[in-house]
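Subject: Structure for you to look at

Hello,

Please find the structure below. My notes on it follow.

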Amino acid sequence: VTDETLLLRQVHPAFIQNDRPSSQVFRPTPKDEHKLSVYDGDMITAEQSWQHFTGDLGYRSAGVLAVTGRECTEQSLPVVSSPEVFKEHAHIDFSGCTASQIEKKGKKLLAAALVRGWQYRA
Amino acid sequence: MDTPSKTPGTERTTLLDPLDVPTRLEGLKALRNGWLNGRGIAPVPAGLDWLALEIKTRYPEELPLPYVYPVAEGGVRLEWSITPHEVSLEIDLSQKSGEWHALNLDTDVDESRTLNLVDAAAWAWMIHRLSEMVGATSRD
């Protein structure tokens, strides 16, 4: 994962209203242990990631948004490859962040992703 | 040819705002446990009804309606984009409390606060803050 790597994030349909995604999209839930799952965009395209997520894994996704490695670094969020989950898997690590820091960083990542636009829309 | 009879008043139609909060909350009742790819707790219908009534009673028409999303832990999240502010209120329906967070994307300044949503003063504070943001935006 480099500064330029696109980190592809699947967006659950419930997290979209009137075409506006929730800032939850870039925030780990408590059960995620501060790790936000993404696909490494150097290894898979947005559409392929959506196909893997919805087809192979059987999950629901309305589309794919992306932030770069640099945008995570700017938020002091390490990005770690985690091929033990599957080979293209990585995670953005929110460890050590307070709840309000997670809110802030999640909102800033979503803002950056929305400037970039949808990478794939189902 | 028969002319359809009209009942007084039935020719009036009301266009529902696409962000109508009670309608959206009603829709969230369709969620079941596991809704978030095997995880995700379904919000309790009574809690959704409580929130719909609170919004209907306390939320002024002149303010922008929030976007409404379910939360994995069974709550509901209200969000507003009032440029340059990104605002959220994550509501615990069982506790009737909310975590307010507002970020000014231009200045990078954020604020957070826990609100007891049984308390009218908490709603008043939130509405005051939203009004300030809307006012500042409309003056720009």
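Predicted model: local features only at pLDDT ≥ 70, side-chain atom pairs only at ≥ 80, totals over all residues.

Residues are numbered from 1 along each chain as its sequence is written, chains are lettered from A and ligands numbered from 1 in the order written, and side-chain values use heavy atoms, without hydrogens and water.

Helix α3 of chain A covers residues 99-116; its 18 residues should span 26 Å at 1.5 Å a residue, and the end C-alpha atoms are 26 Å apart, so the two agree. The expected span is 1.5 Å times one less than the number of residues. Among the buried residues of α3(A) are Ile102(A), Leu109(A) and Leu110(A) (buried: under 20% relative accessible area, 1.4 Å probe, protein chains only).

Now the interface. Chain B gives 29 residues to the contact and chain A gives 25 (contact: heavy atoms within 4.5 Å). About 2,300 Å² is buried between the two chains, 48% of it on carbon and sulfur atoms (accessible area lost on being put together, 1.4 Å probe, summed over both). On the chain B side, Asn37(B), Arg39(B) and Tyr69(B) lose the most area to chain A, together 24% of what that side buries.

Eight salt bridges cross the interface (a side-chain nitrogen of Lys or Arg within 4 Å of a carboxyl oxygen of Asp or Glu). Lys108(A) and Asp108(B) form a salt bridge at 2.5 Å, N to O.

Regards

Notes:
Helix = DSSP H or I, 4+ residues; strand = E, 2+ residues; numbered from the N terminus. Buried < 20%, exposed > 50% of the residue type's maximum accessible area, 1.4 Å probe, protein only.
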